[in-house]
Structure formats: C-alpha cells, structure tokens
Amino acid sequence: MVDITIPDTRLLIDGARVAAEPGRELDVHSPLTGKALARVPDATAEQAAAAIGAAESAFDDWRRTSGAERARLLHRLADLLERDAEELAHLESADNGKLLRETSTQARFTVRNYRFFAGAADKIYGHTIPLDAWETFDYTRKEPVGVAVLITAWNSPMQLLANKLAPALAAGCTVVIKPSEIAPLTTLRLADLVEEAGFPPGVVNIVTGGKEAGVALTTDARVGRISFTGSVETGQAIARAAAGVLVPVTLELGGKSANIVFADADLDRAVPGVVAGIFAAGGQTCIAGSRLLVHESIAEDVTARVAEIARQIRVGDPAHPDTQMGPVASPLQRERILAMIDDAKADGARLVAGGGVPAAAELADGAFVEPTIFADVAPDSRLAQQEVFGPVLAVTTFRTDEEAIAIANGTDFGLASGLWTKDVARAHRVARDLVAGTVWVNTYRYSAAQAPFGGVKQSGYGRERGLEALDEYLRTKNVLMDLSDEIRDPFAIKA
C-alpha cells in the first residue's frame, strides 16, 4: 500500500474550516487493511443548516457573476485537479479500494468534466418566442435554481462529484456537498483546491456525516435542487423527504445492466467487454454489466472464455500495478455480496467460477471477494433482479432478439445496457427497444463529458454530464411584454 497524505478533514462552511462537535467523529477505514485511515466530522443538523445558509448568502453575488468569470474559476479548478491527479488517485484508491489504474483514469476524466462545463458557463441562453399577437415580445431566461445539495456515493467520489459540481457551478448555483461517510477523503481534499482556485466563500460548502446531516440537507426549503447518487432505498427516502418541502430531485441510483452477446458478435471483442463490464471495477459501479445475456448457440463457448479470464484475475492491493481487481469497499459490503452468492446457489444457479473469498494469506485482512460467475440463472431469480454491487456475473441464455430484449428489460432498473453484434440494423433496432438511459454497442463502460448519463425506472431520473446536465440546475423564466399603447378593458382576458 502506498503512503498517502490525509487531507484536512474539517468541514468547509462559508470559506472556513469547521471542526467536529465534541464526540461527533466517524472513522474512515481502509478496505485493504481494515485499519482506520482518518476521522471525519459527523456533522450536526445545525452545521448542515449553516452550510445551506452560507450557500444561500453567497448565491446572489454568484448568480450575478459573469459566465466568463465562472468559466475562469472552473478552468482554474481543473488545472489544480490535473496538477494533483496522482495524489487524488492514490487517496481515492486507499479510501474505497478501487484499482489505482481506475482512479487515475477517473481523476483525468474529472478534469475533463470541469473543463467541459467551464466551456458551457457563458453559453446559457434563453429564446425569443413569436406569439399570435403582433405587438407582444416574449422571451425566456435560464436562471440558476439557487442552492444545490450534492450527495455522492462511495464507489467513485471524484467522478460522481464532478458530474454534479461542474454543471451546478457553471449554471450559477452555490452548493453544499455531502460525500459518503465511507469514502469522503478526496472530496475533503477538493475543499483545499476550491479555496486555492479562488471561489468566493460560501459558493462551495462541504459537510461530512451520516443520517442527521443527510436529513437536514434534504428537508430544507431553502434548497433549490438535490442531486443524489446511491442506493434505490436512500434515493426513495430523499425523494419523499424533498417532496415535503417541494424541492426537485435528481436521482442516479442502481442498475442491473444487461450485456447482450448475439450469435454474430466478434467474440474476441465481446468477451473482454463482458469481463470489463463486471470485473474491472470489482462490480462496484451502478453501470456494471452484471447480467450476461448470450445467445444459446454460443453460450457455452462465451461462458467458458469469460470464466477462464475470471479465474486468472489478479486480486490484491489496488495500488500495485499488477493488480486487476481490488477489495470491495468494506467488510459489510463483502458479507452482503457473499450472502447473495449463497442465495444464488440455493436458487439453483450453477457456479462456474469463484464464489468465495481469496485464499491468499496476504489478503486476509481485506474486504476481498473472488470474481464470481453463475450460469443457468433464471431471469426472475434474485441474482438476476437485484443489484449485487460486487464482482458477480449472472449468465442467462436467449433464443431470439425479442427474447433478449424482453429479458434485458425485465427488471425494475433501467440504467445501462450493452450489445455486441456485427449487424447494424439489429444494433439500431435493439438499442431502440432497450429500456435504459445508456446503450453501448460493441463497447461497454465508455464515458464522455459530452454524453448525457442517467436512468429510468428505479435507476432514477434526471441527467448528468452533457449539456442536459445544465438543465438540472436551471429553471426557465418567461417574460412577456406588451409593446402597444392600447388601454385594455381590465375585465377582458388577452390571449
């Protein structure tokens, strides 16, 4: 494990670092060693409210700041993130157990996100609208919603925060950020960079903590938008809480994504794509291709190829360059995954690879799970229907395109799907009929700052990344002007 520098773990409220209240700290543990990395504040409801108040006070000046100036500050933040990318990648890898090669890629992608939205900050336009009445002038204004509360998950904190923070700041919103208490360290490091970049006090505020802070942030009527990434259950709770104060919510939740391999697919490309979809991030990603749907004529061959690679995956220290899969985020997460593996065995699925914890003594202290594959998985089984959020692949066969589409769509989720085929017509037809926010064709897990991302059904609503993300943090105001000199009957309705 590489030595890392723990950042200042105090809260950031109105440009000042705020310590935890007495007895209000949480341990942040290494998923590799199980040892505590740091202690962070468990923010009180009063501290969360103070952060919202700071953001509210800063909003009027920030919304009046020109798009060009907001862009300059976002570009400056991107420069600092690029400068410190290696440090941030090591910190995040130590914090949540992801491979250093993955966190390094995400650090670079984070920089790209901030630069993309910096480029959009001075290009937020309304429209003029011709009405039926000649002597009227109608136009719209796009205005920031106000204070945005941004709540991120533990699996990819840097990237998930960039998906939210970059468009929110570009749109002219001020923000309160709450990272997951499981992996908050890169977000706390960002607090230093926000200050160094020169953002005015109160524009960006950061609170760490658990349920008390979360409830306070999601039930405050001063908030103009809540954006949450995490579990379905927590997303539902946030949506219910926000409804009580009529605050709009963006939800990026779970997935049970299908990776569909048709009989005509190039298997030399498809098999690595299937492996990358589920094992490259240890399955700890909402877009994990956790269901492999494969045509029955090639199912035995494809399953055997994927299993051969899975058995050879090098599991270990995520910071080591030879490691191909690190630990899951916590012992609690490992036990949950192992319980679902046991359930799959009891349901009659056929274990093809893995199914337990690695035997190597040097991995004994870490939250490791073997790369696991089940074949003959019934489409209505728990393994095929519920998100594992771990390195477990469920293999199901199909006979026809229509059956593949029906199985792929046959869950409560709709975040992503992948399909592998050489038939262009089939690719377009199946992509059209899949109920998912993203469909990859002959690739998987490809992300771009310009491409909108989000789900349907229980995978959530709203979009992140792409220009569509700006709309989450803007509202439309209509302005109608009467240009005539006519004195109107006050009891007549003008239409």
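Student: Is Ile226 buried or exposed?
Tutor: This is a predicted model, and in it Ile226 is buried, because its relative accessible area is 0%. The residue is found in strand S10, which covers residues 223-229.
Student: What is Ile226 in contact with, leaving aside its neighbours within four places in sequence?
Tutor: With those neighbours set aside, Ile226 is in contact with Val149, Ile151, Leu217, Thr218, Ile238, Ala242, Val247, Pro248, Val249 and Thr250. As for Val247, it is 21 residues apart from Ile226 along the chain, and the two C-alpha atoms are separated by 7.2 Å.
Student: Next topic: where does UniProt place the feature "active site"?
Tutor: The UniProt record, an unreviewed entry, places that feature at Glu252. In the model Glu252 is found in strand S11, residues 249-252, and it counts as buried because its relative accessible area is 3%.
Student: And which residues is Glu252 in contact with, beyond its neighbours within four places in sequence?
Tutor: Glu252 is in contact with Leu160, Phe228, Thr229, Gly230, Cys286, Leu415, Phe453, Ser459 and Glu464, once those sequence neighbours are left aside.
Student: Which domain does UniProt give, and at which residues?
Tutor: The unreviewed UniProt entry has the feature "domain: Aldehyde dehydrogenase" at residues 22-479. Over that stretch the chain of the model is 41% helix and 20% strand, with the C-alpha atoms at its ends 51 Å apart.
Student: Let's do helix packing. At what angle do H2 and H6 pack?
Tutor: Helix H2, residues 67-83, and helix H6, residues 185-197, pack at an angle of about 135°, and their axes are 9 Å apart. That angle makes H2 oblique to H6, and the crossing of the two helices is right-handed.
Student: Which residues meet there?
Tutor: On the H2 side Leu73, Arg76, Leu77, Leu80, Leu81 and Arg83 take part, and from H6 they meet Leu190, Leu193, Val194, Glu196 and Ala197. Divided by class, the contact of H2 with H6 has 8 nonpolar and 3 charged residues, with no polar ones.
Student: How do the axes of H3 and H6 cross?
Tutor: The axis of helix H3, residues 85-96, comes within 9 Å of the axis of H6, and the two cross at roughly 150°. Angles over 145 degrees count as roughly antiparallel, so H3 is described as roughly antiparallel to H6.
Student: What meets what in that one?
Tutor: Glu87, Leu88, Leu91, Glu92 and Asp95 in H3 meet Leu185, Thr186, Arg189 and Leu193 in H6. By class, the contact of H3 with H6 divides into 4 nonpolar, 1 polar and 4 charged residues.
Student: Which residues of H13 are buried?
Tutor: In helix H13, residues 401-409, the buried ones are Asp401, Ala404, Ile405, Ile407, Ala408 and Asn409. The buried residues of this helix pack against strands S12 (258-261), S13 (291-295), S16 (392-398) and S20 (456-457), and also against helix H14 (424-433).
Student: S20 again, then. What is phi of Lys457?
Tutor: Lys457 is found in strand S20, and its phi is near 55°, a positive value in a residue other than glycine. I point it out because most residues other than glycine have a negative phi. With a relative accessible area of 39%, Lys457 is partly exposed.
Student: And what about phi of Arg445?
Tutor: For Arg445 phi is near 65°, which is again positive in a residue other than glycine. Arg445 is found in the loop between strand S19 (438-441) and S20, and at a relative accessible area of 22% it is partly exposed.
Student: Switching to Met340: buried or exposed?
Tutor: Met340 counts as buried, because its relative accessibility is 4%. It is found in helix H11, residues 331-346, and, leaving aside neighbours within four places in sequence, Met340 is in contact with Arg382, Gln386, Glu387 and Val388. The C-alpha atoms of Met340 and Val392 are separated by 9.2 Å, the two residues being 52 residues apart along the chain.
Student: Last one: is Arg311 buried or exposed?
Tutor: Arg311, which lies in helix H10, residues 299-312, counts as exposed because its relative accessibility is 55%. Not counting residues up to four places away in sequence, Arg311 touches Val352 and Ala353.

Conventions. Residues are numbered from 1 along each chain as its sequence is written. This is a predicted model: local features need pLDDT of at least 70, side-chain atom pairs count only at pLDDT 80 or more; totals for chains, interfaces and linings use all residues. Side-chain values use heavy atoms; hydrogens and water are left out. Axes are lines fitted to C-alpha atoms, for helices over the stretch in contact, and angles run from 0 to 180 degrees between N-to-C directions. Helices (H or I, at least four residues) and strands (E, at least two) are DSSP runs, numbered from the N terminus. Angles under 35 degrees count as roughly parallel, over 145 as roughly antiparallel, 65 to 115 as roughly perpendicular and the rest as oblique. A crossing is left-handed if the near helix is turned anticlockwise from the far one by less than a right angle, and right-handed if clockwise. Contact means heavy atoms within 4.5 Å. Ala, Val, Leu, Ile, Met, Phe, Trp, Tyr, Cys and Pro count as nonpolar, Asp, Glu, Lys and Arg as charged, and the others, Gly among them, as polar. UniProt positions are given in the numbering used here, feature names are shortened, and annotations may be inferred rather than shown by experiment. Buried means under 20% relative accessible area, exposed over 50%, partly exposed in between (1.4 Å probe, protein chains only).
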